[in-house]
Amino acid sequence: MTATSGKRRRRSRGRRRLRRVLLAALVCACLVSLSGGWLVLRGWQTREHLVGAMRLARSLSEQVRSGDLVQARRTLAALQQQTAGARSSSGDPAWRGAGHLPYAGRNFATVQAISIAVDDLARLAFPALLSLDPAALVPKAGRLDLAALRSTAPTLAAAEPEVRKVDRRVDALPTAGLHPQVRDALRQLRDELDNLTTVTTAARIAAALLPPILGANGARTYLLVSQNLAELRATGGIWGAYAAIRTEGGQARIVAQGGTASEDLPMFPQPVLQLSPEMRALYGDLPGIYAPDVNLTPHFPTAAKLYREMYRRRSGTSVDGVLATDPVVLSYLLQAIGPVQVTGQTGVVSQPTLAATTAVRTLLSDTYRTLDLKAQDRYFAASARAVFEAILQRPIDPRALMTVLDRAVEERRLLFWSAHEQEQEMIAGTRLAGVLPEREQVPTVGVFLNDGSGAKLGYYLTHEAELTVGDCRRDGRRELRLRVTLSSSAPRSGLSSSVLGLGLSGEPYTARTLVYLFSPARGSVVSARLDGTAVAVGSGTERGRHVGIVNVETPPGRTRVLEATLLTPVDAPGTADLWLTPGVSPWTTHISSAPDCKK
């Protein structure tokens, strides 16, 4: 074999290897190109399905709230088609494989997780919500349809765990490294899941609790108490007029009425129930002996139990629960039911007809200027009866009623405690229960106001609160900076003795407010400054929280600024929350979060 022929054979083998390599590269390039094109197509299909699902979900929400269940069922069917399409287009082998790619893979995996989540909700949660007709939550001819509520309870009970399961999966998805559009979609889904969890929980509780509460299993009696926001207490205001309501077979009627600070419930010589040492250290014996002071504590179940026992000792009746509300909630209800004429009382007020826009002023200002103490009690009782009867007898738009009740619960203006243990356990984790938790996932700072003037000057106060999450400390805790602003619009003269009351601040037109600063659970209150100057802070504990107490006196036309430093427990997240005493005017609030601490 010659050298020339050997070189030719080597070149030929080299060319064949090169062709094989080039052919393999070409095949790979084609596969990559086809795969990329397929993923682009699937991505476009998934996006279109998800956008369509979002549009249909909004329509479904509006139809459910308006009570148009026929159209809602059609919309749900279309929604399920869209969510199934999104799940399918983001779930083929190519898409799942792309989820393992570096950098871009997390976006593919997150979109697939979002598609699965919305499809699970459309199949497992939304049909259950359609089983509860909002009209069933509104009385007709004075009676609620208990059979309709009972029939939906099992379906709603089964749907809530599914929603929470989806919520946990979505909450566990990381946001780091996501494309902005994918990250925004994930955040929107989390927000919607928070709302949906609240709705499904509320629907389940309503369907399960309303039948027994309304006497499906036998007659019951409840106390409806109005919180007078003109004289502040931790849960809102002093407990003023009350009504005993008897329920049976879906119907309700007022069987007795009275006033808290009157001969109906005078001061007791000893606490009616045993008070814990920490409560006595903070509030003395007052919550246990004087009905207007049962809610010096923000923990509503404690206040309700004390009030129930006081009523039992005076009336001989052990009620099945306590419901607290306030004139602001009354104004919300009047938006749904329309103006109500108040009759049967003596005395003259400027607005004998209660309307949504004037009810708060009428009840918390005008009555004190124009009526004596006994006439005030009669007017408050007549007002409560007039609104109660209007709710039972008038035709009401379910959507409007649910909207105002939701707002009242969200603002912690509507509180309920049941003497039946199983029922109380069902509502204990909701805002309706007013439970001050001893353990929590998000650090919550409480700002609770108790009047120290013995007057009705709370009507003129406005409130602001800012909470800033600070840096992480070496000990694993983090600092919280709180700023509370109180302002008074009270006049400098001309108020009646009913408004000025005891004048315990020394200057009758100055509002003395005892501000109770509750740390997060297992946290602490470090220090406080009033108008920039360090101030003495009273100290105590309640339900695993450190409590700091500051006296703030606000003259007419003045603004006082209270700043406090608090600490969270170890390893707290960078988010925080505020729990505030509801007032006549809504609080202006702002919360600044921070990144979680690095472990």
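Reader: Which residue takes a positive phi in the hairpin of S9 and S10?

Author: That is Gly-476, with a phi near 90 degrees. The hairpin has five residues between its two strands. Keep in mind as we go that this is a predicted model.

Reader: How do I read the pairing of the strands themselves?

Author: The general idea is that strands of a sheet pair through backbone hydrogen bonds, and the pairing is either parallel or antiparallel. Here, S9 (residues 461-472) and S10 pair in the antiparallel sense, over 10 bridges. To find your place, look for Thr-468, which stands opposite Arg-481 in S10.

Reader: Which strand pairs with S10 over nine bridges?

Author: That is S16 (residues 559-567), and the sense is antiparallel.

Reader: How many residues of S10 are buried?

Author: Eight of the 11 residues in S10 (residues 478-488) are buried, so the strand is mostly covered; buried here means under 20% relative accessible area.

Reader: Where does Leu-562 lead me if I carry on across S16?

Author: To S12 (residues 524-530), which runs antiparallel to S16 and is joined to it by six bridges. Leu-530 stands opposite Leu-562 there.

Reader: What is the order of the strands in the open sheet?

Author: Six strands make up the sheet, in the order S13-S12-S16-S10-S9-S18, with mixed pairing. The edge strands are S13 (533-534) and S18 (588-592), each of which pairs on one side only.

Reader: Now for the surface. Which residues form the negative patch?

Author: Asp-171, Asp-191, Glu-192 and Asp-194 form it. Helix H6 (residues 180-213) gives the largest share, with three residues.

Reader: Where is Asp-171 placed?

Author: Asp-171 lies in helix H5 (residues 146-171).

Reader: Is Asp-171 buried or exposed?

Author: Asp-171 counts as exposed because its relative accessible area is 55%, and the cut-off for exposed is over 50%.

Terms used:
Residues numbered from 1 in each chain as written. Predicted model: local features only at pLDDT ≥ 70, side-chain atom pairs only at ≥ 80, totals over all residues. Heavy atoms only, no water. Patch = residues over 30% accessible without salt bridge, like charges linked within 9 Å, V, L, I, M, F, W, Y side chains within 5 Å. Areas by Shrake-Rupley, 256 points an atom, 1.4 Å probe, with all protein chains shown as cover. Salt bridge = Lys/Arg side-chain N within 4 Å of Asp/Glu carboxyl O. Lys, Arg positive; Asp, Glu negative; His and termini not counted. Charge placed at Lys NZ, Arg CZ, Asp CG, Glu CD. Helix = DSSP H or I, 4+ residues; strand = E, 2+ residues; numbered from the N terminus. Buried < 20%, exposed > 50% of the residue type's maximum accessible area, 1.4 Å probe, protein only. Pairing = 2+ DSSP bridges.
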